[in-house]
Amino acid sequence: MNPTPQHLGCQADEVPRLRGERRALKTDPRFDKVVGLIRSGLFGWEEYFAPIMDAITTGGDYYLVANDFVPYIEAQAKVDSLYRDQAAWNRMSIMSAAGMGKFSTDRTIAEYAKDIWGVQPCVVPQPHA
C-alpha cells in the first residue's frame, strides 16, 4: 500500500479568498453538531469554549476551522482504516521515520540562536573533577 501524498487544508494563496467567503460558507451538518455539543457543555467548560466557538461560527473563522473540518474527518477515516492493517501501518510508520530529514532540538535551537535571534550561547561553568 503506497497512498498518494496529500495535504490537509488550503494553500496559502487561497487563504484571503476563503476568509472573504467564510461568512457565506454552508457548514457541514457534522461540524454544526460538534459545535452544538461543545456549546451545550457536554465536554465541560462551556464558558471557556464559548469565545472559541463564537470566533469560529460568528467571528469570521480566521483560521478556517470549518473549511478544514470535512477534509480532516476524511483524513482521519483513512488513518483509522490503515491502522486496522497492521502490516501496512508498520511499514508506513517505518518508512516515514526513515524518510525524515535530520532533526535535533539542540541543532534547531542553535540554528535559531545564530541565524534568527543573533545570540551566542552562554558557556556553562563545569564543576571541577
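User: Before anything else, how do I read "buried" and "exposed" here?

Analyst: Buried means under 20% relative accessible area, exposed over 50%, and partly exposed in between, with a 1.4 Å probe and protein chains only. Take C10: its relative accessibility is 29%, so it counts as partly exposed. C122 has 69%, so that one counts as exposed. Bear in mind that this is a predicted model, where local features need pLDDT of at least 70, side-chain atom pairs count only at pLDDT 80 or more, and totals for chains, interfaces and linings use all residues. Residues are numbered from 1 along each chain as its sequence is written, and side-chain values use heavy atoms, leaving out hydrogens and water.

User: How many disulfides are there in the whole structure?

Analyst: The test is a pair of cysteine sulfur atoms within 2.5 Å. Searching the whole structure turns up zero.

User: What about secondary structure: how many helices and strands does the protein chain have?

Analyst: Both are DSSP runs numbered from the N terminus: helices are H or I with at least four residues, strands are E with at least two. The protein chain has six helices and zero strands, so in sequence order you read α-α-α-α-α-α.

User: How do I judge the overall shape from the radius of gyration?

Analyst: You take it over C-alpha atoms and hold it against the globule rule, 2.2 Å times the number of residues to the power 0.38. For 129 residues a compact globule would come out near 14 Å, but the protein chain has 22 Å. Along the principal axes, its C-alpha atoms fill a box of roughly 65 × 40 × 35 Å. As for burial, 14% of the 129 residues are buried.

User: And contacts?

Analyst: A contact means heavy atoms within 4.5 Å. Of the protein chain's contacts with a separation of 6 or more, 61% join residues 24 or more positions apart.

User: Can we try one residue? Where is R22 placed, and is it buried or exposed?

Analyst: R22 sits in the loop between α1 (15-21) and α2 (29-40). With a relative accessible area of 6%, R22 is buried. Skipping neighbours within four places in sequence, R22 is in contact with T27, F31, I56, T57, G60, D61, A66 and N67.

User: Which helix holds D106, and how far is D106 from P121 in space?

Analyst: D106 belongs to helix α6 (residues 105-117). Its relative accessible area is 62%, so D106 is exposed. D106 and P121 are 15 residues apart in sequence, and 12 Å apart in space from C-alpha to C-alpha.
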